[in-house]
2 protein chains.
Amino acid sequence: MAKHDLNNILEKGIELFRLNGYHNTGIRDILKACDMPKGSFYHSFESKEDFVIKAISHFEEVIGKDFEKNLSDESLSYYERIKNHFKIHIKWYTDNDFKVGCLLGNLSTEVAGTIDSVSNSISGVYDRWSRGLASFIKKGQEQGEIVDDIEALHLANYLFDSFNGAVGRMKVERSSEPLDLFLNINMTFIKNKEKNVN
Amino acid sequence: MAKHDLNNILEKGIELFRLNGYHNTGIRDILKACDMPKGSFYHSFESKEDFVIKAISHFEEVIGKDFEKNLSDESLSYYERIKNHFKIHIKWYTDNDFKVGCLLGNLSTEVAGTIDSVSNSISGVYDRWSRGLASFIKKGQEQGEIVDDIEALHLANYLFDSFNGAVGRMKVERSSEPLDLFLNINMTFIKNKEKNVN
DNA sequence: TATCAATAAACGATCGGTCTATTATTGTAT
DNA sequence: ATACAATAATAGACCGATCGTTTATTGATA
């Protein structure tokens, strides 16, 4: 039995990676943030690379739950559920003063081009998330809420990517405007105007 | 008169920042890439931060020209010019094996949250570029080529952000698919279907 | 007493940045 | 034109700090 809760360390690491990036976050910073002694890190993790891979998995688990909950809210139309999901995330970024990015977005731009294990790991998460979102988009298309001239899986992938781009810009502008633009424009775009659904 | 061409150093730095990121690119790496000794760097630049700010300016200049050229191609409709511009960039990323990001996109996610001078500098570039693109979007809207229910400046900002998100994903997937999706989906979205313009 | 997780201390490498010394280049006076 | 001081530019050794990682030792358990 480990004395230190590994999930706690992973979450502190995720927090710091999101705030300061991968290469600008030292292992010492993570350890200091959760009062773990300096020597203990390599008892639980093989390397920093191993740590970030496990952090990605933990992130998938935590955000994935939130994700499923939002999309399964049967009081809303499929279109509204998707909109609501992004709205909730926008609120979160706003509450964090526009200084924190998405773990996957940060790692994608910073290290996905140089560390293969990281890009492979992120790719898997996006694949699963996109298929999850796509299943709800498809239902929305079948209900006539969402435009159906674009494949659901393509639309899902695109929406995630576009949102990440807006998050990057948000950090620059220190404002929710890029996120709001993302939401308003894409929600206008994907709405099937022939039906009048909220 | 300087023996070393400052623009050459800036371009090598931009290349490395785009490939490996800001914190993962040491000043030594930049100097080695252009055979410049250490002492000369600090004769020309105050610090790494000063260097990256000047690199952003140089990047604005270089890409800005390319940008203006593409959008001023009078053989194409406004809609086609915009599409063509992004197409040219997609080809460039493809030629670079999907491992290189946009300087501004990289710096936005990696350091815009922590180094104010960088976020301010990037913000200025985006502001000028967005206004440039918006002026052409506006003309496209007036010609009935582009949907006009969204403000041109908003659309311009949104397109840049969305493209950057696709570039991040491209690095993860090592594929042009995210970029192609960005182009196909957005070009479908912004096209005014009432008129039949290429 | 044997085992092994947990931890402290130290490792070599590299970071951004400074320092002093040397070499080109320039402006000025003759 | 020539001599010479002044300054710009080049060169690389060097600095303390910090990087990711390794090693040696401790402390608890069986």
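Biologist: Is A:Glu110 buried or exposed?
Modeller: Buried, because 29 other C-beta atoms lie within 10 Å and the cut-off for buried is 20 or more. Keep in mind that this is a predicted model.

Biologist: Where in chain A does A:Glu110 lie?
Modeller: In helix α6, which covers residues 103–111.

Biologist: And what does A:Glu110 touch, leaving out residues up to four places away in sequence?
Modeller: From chain A there are A:Gly21, A:Tyr22 and A:His23, and from chain B there are B:Gly21, B:Thr109 and B:Glu110.

Biologist: OK, on to the contact between the chains. How many residues does each chain put in?
Modeller: Chain A gives 42 residues and chain B gives 42 residues. On the chain B side, α1 (6–20), α6 (103–111), α7 (116–142), α8 (152–173) and α9 (177–190) each supply at least two.

Biologist: Which of those gives the most?
Modeller: That's α8(B), with 14 residues on the side that touches chain A.

Biologist: How do the residues on that side of chain B divide into nonpolar, polar and charged?
Modeller: You get 15 nonpolar, 20 polar and seven charged.

Biologist: Why do you say the copies meet through the same surface?
Modeller: Because 100% of the interface residues of chain B are interface residues in chain A as well.

Biologist: Switching to α7 of chain A: how many residues does it have, and what does it reach from end to end?
Modeller: It has 27 residues (116–142), and from first C-alpha to last it reaches 38 Å, close to the 39 Å expected at 1.5 Å a residue.

Biologist: Which residues of α7(A) are buried?
Modeller: Among them are A:Val118, A:Ile122, A:Tyr126, A:Leu133, A:Phe136 and A:Ile137, and also A:Ser130 and A:Gln141.

Biologist: What covers the buried residues of α7(A)?
Modeller: The cover includes α4 (48–71), α5 (78–95), α6 and α8 (152–173) of chain A, along with α8 of chain B.

Biologist: Last one: what's the phi of A:Gly144, which follows α7(A)?
Modeller: Positive, near 75 degrees.

Conventions. Residues numbered from 1 in each chain as written. Chains lettered and ligands numbered in written order. Predicted model: local features only at pLDDT ≥ 70, side-chain atom pairs only at ≥ 80, totals over all residues. Helix = DSSP H or I, 4+ residues; strand = E, 2+ residues; numbered from the N terminus. Buried ≥ 20, exposed ≤ 12 C-beta atoms within 10 Å, placed from the backbone. Contact = placed C-beta atoms within 7 Å. Nonpolar A, V, L, I, M, F, W, Y, C, P; charged D, E, K, R; others polar. Expected span 1.5 Å × (residues − 1).
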